[in-house]
Amino acid sequence: MIADFIRRLTRRRSPSPAISRSALRASRQVIAPRPGSAAAHAIATTTVMPSGRLRDYARTARGVGRLAAITVWVPLSVGFEAVLLLVPGTAKIRWTRMVWGGLCLLLSLRIRVVGRRAGGVGGRKARQNGERPVIYVSNHSTWLDVPVLGTVLPSNFVAKGDIEGWPIMGLVSRIGRTIFVSRQRSTTGRERDEMLHRLMVEGDNLILFPEGTSSDGSRVLPFLSAFFAIAKPPRLPKGKGPVEPDSEAAAIAARPGMTPLIQPVSVVYDELEGLPVNHARRPVFAWYGDMELGPHVWQLLKWRSMRATVLLHPALDPDDFPSRKALAQAAWRAVAAGAAELRQNQPRPEQDSAYACRPLAGMLPQDLERHGG
């Protein structure tokens with residue numbers, strides 16, 4: 001026992017040289033204001049706030065300001081759109097893009113578009129002149145998909161019927177001429193006739209979310225082939241000839257070259273406050289399942305800036321596919337592959353026609369080309 005004590009004692013390192021008390025005092029001299037002076041009083045009464053709390057206050061103030069601006073913008077713009085419903089022509093279609101574009105601007109949500117949109121603005125005259133209708137099919141991960149696609153594409157949405165009963169969104173959707181579907185067999189025929197009328201007679205293009213629901217944004221769910229029935233009607237039984245068109249819409253649809261085109265669209269939210277969005281940050285945008293809308297909107301309002309990239313794929317002709325299921329599979333493959341590529345945050349070369357959509361103008365470069373600048 002005594003030997004162990006001697007052994008431990010001999011293993012200790014040599015102590016460091018002692019530092020005098022005066023040397024320590026000299027090494028940490030502090031210049032302080034004189035007691036009773038104004039500087040001393042200012043230091044005594046100053047409260048240092050943690051940087052995290054300051055950041056939280058700034059984010060809350062940002063959210064409140066944006067919410068107030070949106071509260072003013074939405075009623076005014078939608079009210080003006082209600083007046084435009086009485087005006088013939090494409091003014092209501094163009095103004096709808098302004099409504100969604102203004103909302104994106106207030107959210108500090110920038111939109112980057114890659115590719116070229118199929119079709120034009122639409123309208124009755126366009127259909128009478130033989131302009132082919134377009135159905136845009138996109139992946140769906142959040143409510144932000146609606147203002148983003150509504151800004152880029154001159155179209156109307158096809159949405160679930162329960163949205164029509166929502167307090168504010170229901171009214172906005174009805175004024176925005178959204179087509180509501182219930183997905184019940186008893187109403188399928190009526191809803192299909194309404195979509196056909198809007199495509200062929202009114203001259204509207206449509207936006208569909210064939211996944212049937214929103215997802216977490218990490219993948220694209222399989223497309224339901226029922227959403228493609230308007231573009232690819234079921235085949236007639238053998239020995240039964242084509243039925244005579246029983247409506248103006250059916251007559252226009254029966255003309256050669258008037259089958260609606262299908263353009264796949266991939267949407268990915270790839271930047272948050274100037275930084276690429278990775279797997280950990282993707283839930284910031286995703287809104288799905290039983291998530292409440294109000295808290296999700298409030299959290300998004302507090303971020304400084306966001307960016308969405310919209311990838312427009314080449315359009316598909318339904319006449320080139322043997323069945324509705326094959327058409328749905330081809331559209332899904334294009335959308336899923338495009339979304340997976342965008343999630344990798346790889347830079348695209350300039351020749352890929354990447355450009356920023358001007359949200360408040362609701363215009364793309366090809367719109368300027370069509371109207372002479």
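The legends below describe close-up views of a predicted model.

Local features are reported only where pLDDT is at least 70, side-chain atom pairs count only at pLDDT 80 or more, and totals for chains, interfaces and linings use all residues. Residues are numbered from 1 along each chain as its sequence is written, and side-chain values use heavy atoms, with hydrogens and water left out.

**View 1**
Y269 belongs to strand β6, which covers residues 261-272. Helices (H or I, at least four residues) and strands (E, at least two) are DSSP runs, numbered from the N terminus. With a relative accessibility of 6%, Y269 counts as buried; the term buried applies under 20% relative accessible area, exposed over 50%, and partly exposed in between (1.4 Å probe, protein chains only). Apart from neighbours within four places in sequence, Y269 is in contact with S141, T142, L144, D145, V148, V277, F285, R307 and A308, where contact means heavy atoms within 4.5 Å. S141 is 128 residues away from Y269 along the chain, yet the C-alpha atoms of the two are separated by 9.6 Å.

**View 1. Polar contacts of the Y269 side chain.**
The side chain of Y269 makes a polar contact with the side chain of D145 at 2.6 Å. The Y269 side chain also reaches the backbone oxygen of L144, at 3.4 Å. A polar contact is a pair of N or O atoms within 3.5 Å; within protein, one must be able to donate a hydrogen and the other to accept it, and residues adjacent in sequence count only if both atoms are side-chain atoms.

**View 2. Two loop residues with positive phi.**
S108 is not a glycine, but its phi is positive, at about 55°. This residue sits in the loop between α5 (91-106) and β1 (109-114), and S108 counts as partly exposed at 24% relative accessibility. E273, likewise a residue other than glycine, has a positive phi near 55°. E273 is located in the loop between β6 and β7 (275-276) and, at 22% relative accessibility, counts as partly exposed.

Side chains of opposite charge can pair when their charged atoms come close. The structure holds eleven salt bridges, each a side-chain nitrogen of Lys or Arg within 4 Å of a carboxyl oxygen of Asp or Glu. In one of them, the side chains of R124 and E202 meet at 2.9 Å, N to O. R124 lies in helix α6 (residues 124-128) and E202 in helix α9 (residues 185-202), so this pair ties together parts that are 78 residues apart in sequence. R124 counts as partly exposed at 42% relative accessibility, and E202 counts as partly exposed at 22%.

**View 3. The salt bridge between D317 and R132.**
D317 and R132 meet through their side chains in a salt bridge of 2.9 Å, N to O. Because D317 lies in the loop between β8 (306-312) and α12 (324-343) and R132 in the loop between α6 and β2 (134-138), the pair ties together parts that are 185 residues apart in sequence. D317 counts as buried, at 19% relative accessibility.

The closest N and O atoms of the salt bridge between D204 and R177 are 2.7 Å apart. D204 lies in the loop between α9 and β5 (206-208) and R177 in the loop between α8 (169-175) and β4 (179-181), so the pair ties together parts that are 27 residues apart in sequence. Both D204 and R177 are buried.
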